[in-house]
Amino acid sequence: MTTEPLTVLVVGATGSIGRLVVTEALARGHTVRALVRDTAKGARVLAKEAELVVGDVTRPETLIGAVDGADAIVLTLGSFGTGDSSPEAVDYAGVRNILTALRGQRPRVTLMTSIGVTGRGSAYGHLLEWKRRSERLVRASGLTHTIVRPGWFDMNGPDDHRPVFLQGDRHRSGGPADGAVARNQIARVLVETLTAPEAAGRTFELVAERGSAPDDLGPLFAALDLDEPGTVDAVHDEANMPLADEPQGVRDDLTTVRALTAS
Ligand SMILES: NC(=O)c1ccc[n+]([C@@H]2O[C@H](COP(=O)([O-])OP(=O)(O)OC[C@H]3O[C@@H](n4cnc5c(N)ncnc54)[C@H](OP(=O)(O)O)[C@@H]3O)[C@@H](O)[C@H]2O)c1
């Protein structure tokens, strides 16, 4: 495991997961930059050691300084609404705007999406479909990535602390029966992906089962199959969202992101 401190940008830092990511990253000695829309909220909910950087992922011009010089980026965005607050604008285009703001810089990227992300459907403004498209952008970027798809937050049983990593995203009932995991466990996994070489290039669902958490997540990461280079879906995902049927703008974004990071 790499041990040197990194400069970590957390996007979604004031959220229920992001704030725990900030705490966890600071505890591991990293320098933490927190993207916030509202500095008062950031100051209220985040550790004072975190540097607050004001930005809005729907406004690309506000993101350049935030990403500049970051060694790693953790994205835990969540949307609630329509228009500029929609899943398309925040969960999808927000990730695109962060990637395009990089302008050739190559930080490590860890994206949190959701268990069941490969299910099709219009629930919550097509939330899962837009999150899946955001995963595709990250893979297409060619950046060293890890994509974590957590189960239901904090709905694990009191003795369920053993992280279980799954692939293929076959738990898609849309309820806690698909799996659950504690928020602080999610934050730990997200932060450990930044320094664990075995986490690179992998996508997995994260749930918890009865038992205790191991000291070292490395063997769990290493047991996972790698995403296939050059493909936009995760290894073992169902091929139920053909690129040929995707909106033209989404296909254009994939082309843009590939070109930006290849230059
Ligand atoms: N609940 C579950 O069981 C579950 C399970 C799996 C996955 N998920 C997914 O996990 C995601 C995150 O969860 P969470 O609880 O951490 O969400 P959350 O508490 O709602 O936090 C969302 C974060 O995104 C930020 N954000 C929203 N729009 C933004 C914008 N335009 N620019 C910059 N930042 C923006 C928010 O900032 P502000 O503070 O400024 O609003 C906040 O920091 C959700 O998308 C959810 O779908 C949830």
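Modeller: First, a term: a salt bridge is a side-chain nitrogen of Lys or Arg within 4 Å of a carboxyl oxygen of Asp or Glu.

Biologist: What sort of model is this, and how are the residues numbered?

Modeller: The model is predicted, and residues are numbered from 1 along each chain as its sequence is written. Local features need pLDDT of at least 70, side-chain atom pairs count only at pLDDT 80 or more, totals for chains, interfaces and linings use all residues, and side-chain values use heavy atoms, with hydrogens and water left out.

Biologist: How many salt bridges are in the whole structure?

Modeller: The search finds 22.

Biologist: What does arginine 149 pair with?

Modeller: Glutamate 205. The closest N and O atoms are 3.0 Å apart. The pair links distant parts of the chain, with arginine 149 in strand 6 (residues 145–150) and glutamate 205 in strand 10, 56 residues apart. Strands here are DSSP runs of E, at least two residues; helices are runs of H or I, at least four; both are numbered from the N terminus.

Biologist: Is arginine 149 buried or exposed?

Modeller: Buried, because its relative accessible area is 1%. Glutamate 205 counts as buried too, at 2%. The cut-offs: buried is under 20% relative accessible area, exposed is over 50%, partly exposed is in between (1.4 Å probe, protein chains only).

Biologist: What about glutamate 209?

Modeller: The side chain of glutamate 209 forms a salt bridge with that of arginine 162, 3.2 Å from N to O. Glutamate 209 is in strand 10 and arginine 162 in strand 8 (residues 162–166), 47 residues apart. Glutamate 209 is partly exposed at 37%. Arginine 162 is partly exposed at 35%.

Biologist: New topic. How many residues are in the largest nonpolar core?

Modeller: It has 33. A nonpolar core is a set of buried Ala, Val, Leu, Ile, Met, Phe, Trp, Tyr and Cys residues joined through side-chain atoms within 4.5 Å. Those with the most contacts inside this core are Val21, Leu190, Phe204, Leu206 and Phe221.

Biologist: Which element gives the largest share?

Modeller: Helix 6, with five residues.

Biologist: How covered is helix 6?

Modeller: Mostly: nine of its 11 residues are buried. Among them are Ile186, Arg188, Leu190 and Glu192.

Biologist: Now the surface. Which residues form the positive patch?

Modeller: Arg19, Arg37, Lys41 and Arg44. Patch residues have over 30% relative accessible area and no salt bridge; like charges are joined within 9 Å, nonpolar side chains (Val, Leu, Ile, Met, Phe, Trp, Tyr) within 5 Å.

Biologist: Where is arginine 37?

Modeller: In the loop between strand 2 (31–36) and helix 2 (39–45). Arginine 37 counts as exposed, at 68% relative accessibility.

Biologist: Last one. Where does glycine 104 lie?

Modeller: In the loop between helix 4 and strand 5 (108–112). Glycine 104 is partly exposed at 30% relative accessibility.

Technical notes. Accessible areas come from the Shrake-Rupley method with a 1.4 Å probe; for residues, only the protein chains shown count as cover. Lys and Arg count as positive and Asp and Glu as negative; His and the chain ends are not counted. The place of a charge is taken as NZ of Lys, CZ of Arg, CG of Asp or CD of Glu.
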